[in-house]
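Student: I would like a close look at one part of this protein, with the rest brought in where it connects. Please take it step by step.

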Amino acid sequence: MAWLVKVVSLRKFLVVLPTCALVLFLLHCLSKIAETEWSKDESQTDTTFILPKAPGRRPASVNRRCLPGYHSKVELGPVATRHHEDPGMPGAWGGALLLDGLSFKEATERSVGFQKHGFNAFASDRISMHRGLGPDTRAPECISQKFKRCPPLPPTSVIIAFHNEAWSTLLRTVHSVLYTVPALVLREVILVDDDSTEGECFDGWLEPLLARIVESEQVVVSPQITSINLHTFEVEKPSPYERNHSRGTFDWSLSFNWEELPAYESDARKDESFPFRTPVISGGLFAVSKAYFEHIGTYDSQMEIWGGENLELSFRVTDTPYTFPDGVQVVYRNLVRVAEVWMDEYKDIFYHRIQEAAEIAQKGLFGDVSERKRIRERLRCKDFTWYLNNVYPELFIPDIHKTMNPSLMNRGNQLCLTIGPAGRSVLMYPCYSLQEQQGCAPRENSPFAAWRRERVAGCGRDRLFQNMGAIGHSPPNVWNKILPPKSEDWDISGS
């Protein structure tokens, strides 16, 4: 028995994955699909990667016997065993690789790699594809988690979609999966070549995702994601003491954002091993039951390249720089499809924000969405008002009938006061570039409301902070950091 690594062309893939970023998309009980093979020179050959069976462990099987109790560490051992790693090797244990004193030829190679891939492929090529990420630094309750034998964890396919990927990062991603995924559940690893980035796995990343699907098949589960430095390939490690988490959100431009987890979500968690809800997922890495994914309509196959698929999937689940030849931007076209199917009357806010999207909608350049609307009807999904009230009540809903909400522009630097992520900080940005974060909507009878009526345009720093305090943002020390000397005069615009 062996595990098979496939490389699949989208021309032969049954479901279009409209993304050029790395997607580790887990589908259990995945049916067989057409396969092509891959070689190191990135041409199609007759060679298939066959992975030897891990000794002493059973491969994933649909009809395994369900035993009582919890899985032991041995039972959840990986497909392949990583050899001892020399801590002195380049990038070992997820460390940084710093390259100084490069020759002209080496510096040129590094520059070409950056231009082609968007990261330091020169450094990646010098890091072992077998590298580990060092000691497990997760919270103790995450490390000590146990997983029941019955009902069993489902057989799993790991699907990696890639675009123009550097060979070293792609191979390191595949090996990282093989070194961390239990042989008990792994059926296959599928690489999807869409004719168009690296991920590395910590130990124990997959089992909690599968356990959530066992508890409830009607979920889409996404893990906490750290980052890899694009210059040095240093891997950000989770902290055992970290208690601040981020969830995926969006604004009315339908741009994906990260924001700090609200207190009510944090308080609902018993410890760090408990999941939390998120309005949208990033789209880069998630797990879902194949049966459920097909039931809710899979991906929108008329979306192109990437962009918007994470919002479309998130709206569907919770409610129940490319261009086309004609110049229509792919991302905006995809987002218009999302808005037309799922956002009801709130789509007008999106069109009010993004003129390019409004033109696509007006000219009907977003394709046929009748099939997607039929899926929404079949699933009996709730309307978007329900989504905003129950899933993302924190989202500010602007009044598009106003020209704009008033903003505060500093006369010294000609920048506007802008609320940072999750409303936790105050920043200065070009005016009108982030309208939701720059619009001031004062409460009735607040000091700021009175100040607005008086049209005071040249108040001092103390007066401004006193009035802004009514909105609930930013401690006083922030002002000393963002304001240039003697820039205490502000103008109100759009009021």
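Student: Which residue lies over the face of phenylalanine 122, and at what distance from the ring centre? After that, please look closely at helix 11 and the core it belongs to.

Tutor: The model is predicted. Arginine 126 lies over the face of phenylalanine 122, 3.5 Å from the ring centre. Another ring with a charge over its face is that of tryptophan 386, where lysine 382 sits at 4.9 Å from the ring centre.

Now to helix 11, which covers residues 355-363. Its buried residues are Ala357, Ala358, Ile360 and Ala361. Looking down the axis of helix 11, these buried residues fall within an arc of 160 degrees, so they line one face of the helix. The buried residues pack against helix 9 (330-342) and helix 10 (347-353). After helix 11 comes glycine 364, with a positive phi near 65 degrees.

Next, the core. The largest nonpolar core has 45 residues, and those with the most contacts inside it are Phe250, Phe315, Phe350, Phe384 and Tyr387. Among the elements that give two or more residues to this core are helix 9, helix 10, helix 11 and helix 13 (384-390). Helix 9 gives the most, with seven residues. Phenylalanine 350 touches Ala357, and its other contacts include Leu335, Val336 and Ala339. A second, separate core has 28 residues, including Val79, Leu170, Val181 and Val221.

Last, the aromatic rings. The structure holds ten aromatic pairs. One of them joins phenylalanine 250 and tyrosine 392, edge-to-face, at 5.6 Å centre to centre with 65 degrees between the planes. Both phenylalanine 250 and tyrosine 392 are buried. In the pair of tyrosine 346 and phenylalanine 384, the centres are 5.8 Å apart and the planes stand at 55 degrees, so the pair is tilted. Tyrosine 346 lies in the loop between helix 9 and helix 10 and phenylalanine 384 in helix 13, so this pair ties together parts that are 38 residues apart in sequence. Tyrosine 346 counts as buried at 14% relative accessibility, and phenylalanine 384 counts as buried at 0%. Phe250, Trp252, Tyr346, Phe384, Tyr387 and Tyr392 form one aromatic cluster.

How values were computed:
Residues numbered from 1 in each chain as written. Predicted model: local features only at pLDDT ≥ 70, side-chain atom pairs only at ≥ 80, totals over all residues. Heavy atoms only, no water. Buried < 20%, exposed > 50% of the residue type's maximum accessible area, 1.4 Å probe, protein only. Helix = DSSP H or I, 4+ residues; strand = E, 2+ residues; numbered from the N terminus. Arc of directions from axis to C-beta. Contact = heavy atoms within 4.5 Å. Core = buried A, V, L, I, M, F, W, Y, C linked by side-chain atoms within 4.5 Å. Phe/Tyr/Trp six-rings, centres within 6.5 Å; stacked < 30°, edge-to-face > 60°. Lys NZ or Arg CZ within 6 Å of the ring centre and 35° of its normal. Lists of a residue's contacts leave out its neighbours within four places in sequence.
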